[in-house]
Amino acid sequence: MVTRVIGAVGLLVCSGAAANEVQVVGGETNVVLDTATLSAAASLDLSSVDGDVLTSEKLEGGVAFPITARDAGVLPTTFAYEVGNFLGTFSGTIEHAGEVRFNSDTVVVGDFTIGFDAARAGTLNGAASGFFVESTAGIQAILFDVSAPSTLGATALEATIGADLLVSPEFGAFLFDNGLSASNLAGADVGDALVHASGGCTGLDIDDSGGIHLDDIDAFVADFLAGDARSDFTGDGVLNLDDVQLFVDAFLDCGGTA
């Protein structure tokens, strides 16, 4: 397949560089909580989860919250990014379905939003990245600040982000004010999160025409030959034949036509 694209270079009229925006359309966020710490320090004992919450296949002992679709009637996901410059281009929020309940179901959190607030970056003694996890069901508040991503991969088809979950100042105050903790636990590491977001085929529509076709090959080749970081479809920071292979394989899998 690589030969097919390279051979087509001389036949294509190269267009200007285009933004290969990937729109998150699904996936899941896997979470494993330190239940022993939550029980001992915050008097929170896990009692149940609802039917939307799945057993995680990516984090042992964890659960997985489905990422809502962009056309969901409630809390539609709006997150998007450009390949090759994830941290410089991301926008929007990742929304989830599913509730978690503690203390015989008397404390409810869920339908989580993962968002970003630059004002939160650097707080909690520098540990907070600016990303946060907010509960929109039951307790409606930001529960966790997210540490700097420990793993990050963003390609034309998916993004994977792993990080620690830190008790937010808001949640720390809630626990303390309601007698659930002996001190404000803000900043305490109480779990891990692994976001595995699917971009569908949106990142292949390089010319932003609303379809996957020959013009997108044209735009990709132009970016690739110009050394534009937006042609780094593998997200590894290097432009090479791996990017060509991923693009061509994905182009064919996504129903692209010449």
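Which side chains meet in a salt bridge at 2.9 Å, N to O? Select Glu 170 and Arg 120, and you have the pair. Bear in mind that this is a predicted model. Glu 170 sits in helix α4 (residues 169-177) and Arg 120 in the loop between β10 and β11, so the contact ties together parts that are 50 residues apart in sequence. Glu 170 is partly exposed at 32% relative accessibility, while Arg 120 is buried at 11%.

Show Arg 120, Asp 145 and Glu 170 together and you're looking at a network of salt bridges.

Next stop: Glu 28 and Lys 58. Their side chains form a salt bridge too, at 3.5 Å from N to O. It links distant parts of the chain, with Glu 28 in strand β2 (residues 26-33) and Lys 58 in the loop between β4 (54-55) and β5. Glu 28 is buried, with a relative accessible area of 18%; Lys 58 is partly exposed at 40%. The structure holds four salt bridges.

Now for some backbone. Pick Ser 43, in the loop between α2 (35-42) and β3 (46-49): its phi is near 55 degrees, a positive value in a residue other than glycine.

Finish at Leu 75, in the loop between β5 (63-66) and β6 (80-82). Phi is positive here as well, near 50 degrees, and Leu 75 is partly exposed, at 26% relative accessible area.

Key
Residues are numbered from 1 along each chain as its sequence is written. This is a predicted model: local features need pLDDT of at least 70, side-chain atom pairs count only at pLDDT 80 or more; totals for chains, interfaces and linings use all residues. Side-chain values use heavy atoms; hydrogens and water are left out. Helices (H or I, at least four residues) and strands (E, at least two) are DSSP runs, numbered from the N terminus. Buried means under 20% relative accessible area, exposed over 50%, partly exposed in between (1.4 Å probe, protein chains only).
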